[in-house]
Amino acid sequence: SLFMQSFYPSSSRSPAPERSDEGLKEQLVWRAACLIPRGRVSTYGELARLLGEGWTPKSVGQALKQNPHAPVVPCHRVI
């Protein structure tokens with residue numbers, strides 16, 4: 001997927017399985033989770049505010065629940 005290619009641009013294969021059903025909204029949340037520095041945590045509400053209008057803590061949690069790229073996409077940093 002294009003999402004995983006952004007993490008592994010020089011590799012034709014990513015360590016995570018390819019999924020053609022990755023939604024753009026989920027990818028936005030996963031990218032936001034990747035901005036959280038190692039050793040830090042964030043909350044669902046903080047990510048919802050970062051993502052802007054239309055996002056709620058619940059919608060962020062639902063998107064992170066669909067994350068097939070853990071631990072590359074560090075959803076464990078969101079509490």
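**Close-up views of a predicted model**

**View 1. Helix 3 and its buried side.** In helix 3 (residues 44-51), Gly45, Leu47 and Ala48 are buried. They sit on the same side of helix 3, because the arc they cover around the axis is only 160°, taken from the directions from the helix axis to the C-beta atoms. Buried here means under 20% relative accessible area, exposed means over 50%, and partly exposed is what falls in between (1.4 Å probe, protein chains only). Helices are DSSP runs of H or I with at least four residues, strands are runs of E with at least two, and both are numbered from the N terminus. What do the buried residues of helix 3 pack against? Their partners are helix 2 (24-34) and helix 4 (57-65), with contact meaning heavy atoms within 4.5 Å. Turned away from that buried side is a face with the exposed residues Arg49 and Leu50. For background, most residues other than glycine have a negative phi.

A quick note on reading these views: this is a predicted model, numbered from 1 along each chain as its sequence is written. Local features need pLDDT of at least 70 and side-chain atom pairs count only at pLDDT 80 or more, while totals for chains, interfaces and linings use all residues, and side-chain values use heavy atoms, with hydrogens and water left out.

View 2. pLDDT is the predictor's confidence in each residue, from 0 to 100. The protein chain has a mean pLDDT of 80, with 72% of its residues at 70 or more. Among the chain's elements, helix 4 has the highest mean (96) and helix 1 (residues 2-5) the lowest (48). Over residues 1-5 pLDDT stays under 50, and the model has 14 contacts for them beyond four places in sequence. Residues 7-18 also stay under 50, with 13 such contacts.

**View 3. Ala33 in helix 2.** Ala33 lies in helix 2 and counts as buried because its relative accessibility is 0%. Leaving out residues up to four places away in sequence, Ala33 touches Leu64, Val73 and Pro74. His76 is 43 residues from Ala33 in sequence, yet their C-alpha atoms are 9.0 Å apart.

**View 4. Two cysteines, no bridge.** Searching the whole structure turns up zero disulfides, a disulfide being a pair of cysteine sulfur atoms within 2.5 Å. For Cys34, the nearest cysteine sulfur is that of Cys75, 9.7 Å away. How accessible is Cys34? Its relative accessible area is 27%, so Cys34 is partly exposed. Cys75 is partly exposed too, at 24%.

**View 5. Lys25 over Trp55.** Lys25 lies over the face of Trp55, 4.7 Å from the ring centre. A charge sits over a ring if NZ of Lys or CZ of Arg is within 6 Å of the ring centre and within 35 degrees of the ring normal.

**View 6. The segment after helix 4.** Gln66 lies in this segment and counts as partly exposed because its relative accessibility is 34%. Gly23 is 43 residues from Gln66 along the chain, with 9.8 Å between their C-alpha atoms. Pro71 is found in the segment after helix 4 as well. Which kind of peptide bond joins Ala70 and Pro71? The bond is cis, with omega about 0°. Most peptide bonds are trans.
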